[in-house]
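Please examine the sequence and the model shown below.

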Amino acid sequence: VKHHYDIGEELYDLFLDKKHRQYSCAYFVKDDESLEDAQQNKINHIIKKLNLKSGQKVLDIGCGWGGMAFEIARQSQCEVTGISLSENQIKYCKEKAKELNLDNQVRFKLLDYRSVNSKFDRIVSVGAFEHFGKKFYKTFFKKVKNIMHDDGICLLHTIGSVDKPGPIQPFIQKYIFPGGIIPSLSEMMIPIEKTGLVLSDCETLIHHYDKTLKAWLDRFMENKGKAKYLYNKEFVRMWEFYLSSCSAGFKFRDLVVYQLQLVKNFTAL
């Protein structure tokens, strides 16, 4: 996490959406939508699946720069707790919460999900599961079950592969996300079944992340002079390859985004 997210705030301002700073797959209702609108679509899409009620307690695991947490608070009047292992992200989120006058409704903690002990009505996790590692999948789903109320709902949004389990991608592993793993659906389903959670819905987002990554790439290349000044020309080449190769992987190969809605019993929804 530190390798990727604590390398400087300026980098992410060069290519992410300006409104929510979402570093995950957007949701394009129309091909010509702006990145900002598509990211708002994604947030709204997830909020619907959470079926929120005013006053509920929500946990955002891997909260990023807080965009999801802030929108949940705005739209539902819920209490939201965001956790991350990135010191930069938590510092940013706390300052942003004060700026938005939401610090009485949304709070952020530098915390590992395994250390969470409070109970929540809703749990959301967007783009964090890829960092956890295969040997901790059961640990994650067991923790979700233990800290979620009996009528709770969890929405997990993660990159995934439509193929059978395979090896790690060496370039991404070495240079971009050390420890990052892309799960197949089967690798997630076995630990879900073992923990007793119920998969109430699974949606596969196809040809949304390639558009997102292409939008990020276009913005990054427009600002590559700034990136070269902040880092160096080797970093610019590496980041360009990362964004362009991943976009191609989602467009032409096996990569998709899974949204898994999980409950503890049949009456939760």
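Two residues are in contact, or touch, when they have heavy atoms within 4.5 Å of each other. The model is predicted, and local features need pLDDT of at least 70, side-chain atom pairs count only at pLDDT 80 or more, and totals for chains, interfaces and linings use all residues. Residues are numbered from 1 along each chain as its sequence is written, and side-chain values use heavy atoms, with hydrogens and water left out.

Helices (H or I, at least four residues) and strands (E, at least two) are DSSP runs numbered from the N terminus. Not counting residues up to four places away in sequence, M188 touches F129, F141, L156, T158, P183, Y258 and L260. M188 is buried, with a relative accessible area of 0%; buried means under 20% relative accessible area, exposed over 50%, and partly exposed in between, for a 1.4 Å probe and protein chains only. M188 and K138 are 50 residues apart along the chain, and their C-alpha atoms are separated by 8.5 Å.

The nonpolar cores come next. Such a core is a set of buried Ala, Val, Leu, Ile, Met, Phe, Trp, Tyr and Cys residues joined through side-chain atoms within 4.5 Å. The largest one has 36 residues, and those with the most contacts inside it are F15, Y23, W216, W239 and Y242. Two or more residues of this core come from each of α2 (9–13), α3 (35–50), α7, α9, α11 and β7, with α11 providing the largest share, eight residues. Apart from this core lies another, of 27 residues, among them Y113, A128, F132 and Y258.

Y23 lies in the loop between α2 and α3 and is buried, with a relative accessible area of 14%. Although 190 residues separate Y23 from L213 in sequence, the two are 9.7 Å apart in space, C-alpha to C-alpha.

Which element gives the most to the lining of the largest pocket? A pocket is defined on a 1 Å grid over the protein atoms alone, as an open set of points where a 1.4 Å probe fits, with protein on both sides within 12 Å along at least five of seven lines; lining residues have an atom within 4 Å of a point. α11 gives the most, with six residues. The lining has 43 residues, of which I159, Q169, I172, I182 and L255 lie nearest the centre of the pocket.

Helix α3 has 16 residues and reaches 23 Å from its first C-alpha to its last, close to the 22 Å expected at 1.5 Å a residue, where the expected span is 1.5 Å times one less than the number of residues. Of its 16 residues, 13 are buried. α3 is followed by N51, whose phi is positive, near 50°.

Most residues other than glycine have a negative phi. N101, in the loop between α5 (87–99) and β3 (106–110), has a positive phi near 60°. N101 is exposed, with a relative accessible area of 62%. H207 likewise has a positive phi, of about 60°, although it is not a glycine. H207 lies in the loop between β6 (198–205) and α9 and counts as partly exposed at 36% relative accessibility.
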